[in-house]
Amino acid sequence: MLFDDTYRTIGGVSSGIYKEKGSKFLAFAEPAANENEAKAILEKYRKQYHDARHHCFAWAIGPARESQRMNDDGEPSGTAGRPIFGQILSFDLTDVIVVVVRYFGGTKLGVGGLINAYKSATKDAFDMAEILTRTINEFYEIVFPYTATNEVMRVVKEKNLEIIESSYTDICRIVISVRKKNAILASDSISSLINVKIKYLRTI
């Protein structure tokens, strides 16, 4: 990805098109935060373009593209899903799915022609997309007595931590978000406070 705690994705739905020898390739790129979202998006286009010959796709999900999948949907092996995925890599994106719908025009394009068609349609969709750079954040739960509120809030402000959840009673609880590269310093500062407990929750 770009740096140690950032990644690139798209801001919304975008589309592209490529035509060759009567065949039409419609590419649709959408952000997807997890595999279930990606599968739902794929199914949406399968239903919307149910009369098309092929519904090929590829996705990459997770800051380090931990989830990857590509599918040729009946096209010759390696001619559709892989070039679609290649454009995801070329644009350095993740948390995205691309579905390319093909309407067959009656003339076979050959392996090279298919690879170029699926690559070109996907590139057109990404060229039209809003590209966003997002940070990878870590989430922590902080539990502390009410008397320690001022000290905890001082660190929250100094370290530019974002409070996601909060509950202030005799025993207070907050959930904070911090950019990954700043997480160790922030958690160490919280841990150094008396009677304050901090627990790692997740990284997104």
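Guide: Two strands count as paired if DSSP finds at least two bridges between them. Keep in mind that this is a predicted model. With that rule, five strands form an open sheet in the order 2-3-6-4-5, and the pairing is antiparallel.

Visitor: What makes strand 2 and strand 5 the edge strands?

Guide: Strand 2 (14–20) and strand 5 (67–71) each pair on one side only. From one strand to the next, the twist averages 15°.

Visitor: How do you know that strand 4 and strand 5 pair?

Guide: Count the bridges: pairing takes at least two, and strand 4 (residues 54–61) has five of them with strand 5, in the antiparallel sense. Because the rule asks for at least two bridges, five is enough to call them paired. If you want a spot to look at, I61 stands opposite S67 in strand 5.

Visitor: What packs on that sheet?

Guide: Helix 3 (residues 110–127) does, touching strand 2, strand 3, strand 4 and strand 6, and its direction makes about 150° with that of strand 2. Helix 1 (residues 35–48) lies across strand 3 (23–31), strand 4, strand 5 and strand 6 (96–103), running at about 160° to strand 4.

Visitor: Which residues of the largest nonpolar core touch the most other members?

Guide: Those are F25, I88, V100, Y118 and F126, out of 25 residues in that core. Helix 3 gives the largest share, six residues. For V100, leaving aside neighbours within four places in sequence, the contacts include F25, L26, C56, I84 and Y118. There's also a second, separate core of 17 residues, with F144, V152, V156 and A183 among them.

Visitor: Why is C56 called buried?

Guide: Buried means under 20% relative accessible area. C56 comes in at 0%, so it's buried. C172 is also at 0% relative accessibility, so the label there is buried too.

Visitor: Where do the buried residues of helix 5 sit, and why say they line one face?

Guide: In helix 5 (residues 183–191), the buried ones are A183, A186, S187, S189 and I190. Looking down the helix axis, they fall within an arc of 160°, so they line one face.

Visitor: What does the face turned away from that buried side carry?

Guide: It carries I184 and L185, which are exposed. Exposed takes over 50% relative accessible area. The buried residues of helix 5, on the other hand, pack against strand 8 (137–145), helix 4 (149–158), strand 10 (171–179) and strand 11 (197–203).

Visitor: How do you know that strand 8 and strand 10 pair?

Guide: Bridges again: they share nine, in the antiparallel sense. Since at least two will do, that counts as a pair. Here F139 stands opposite S177 in strand 10.

Visitor: What makes strand 9 and strand 10 a hairpin?

Guide: Strand 9 (residues 162–167) is joined to strand 10 by five bridges, and the two run antiparallel. Three residues lie between them. To find the pairing on screen, look for S167, which stands opposite R173 in strand 10.

Note on methods
Residues are numbered from 1 along each chain as its sequence is written. This is a predicted model: local features need pLDDT of at least 70, side-chain atom pairs count only at pLDDT 80 or more; totals for chains, interfaces and linings use all residues. Side-chain values use heavy atoms; hydrogens and water are left out. Buried means under 20% relative accessible area, exposed over 50%, partly exposed in between (1.4 Å probe, protein chains only). Helices (H or I, at least four residues) and strands (E, at least two) are DSSP runs, numbered from the N terminus. The arc is that of the directions from the helix axis to the C-beta atoms. Contact means heavy atoms within 4.5 Å. Axes are lines fitted to C-alpha atoms, for helices over the stretch in contact, and angles run from 0 to 180 degrees between N-to-C directions. A nonpolar core is a set of buried Ala, Val, Leu, Ile, Met, Phe, Trp, Tyr and Cys residues joined through side-chain atoms within 4.5 Å.
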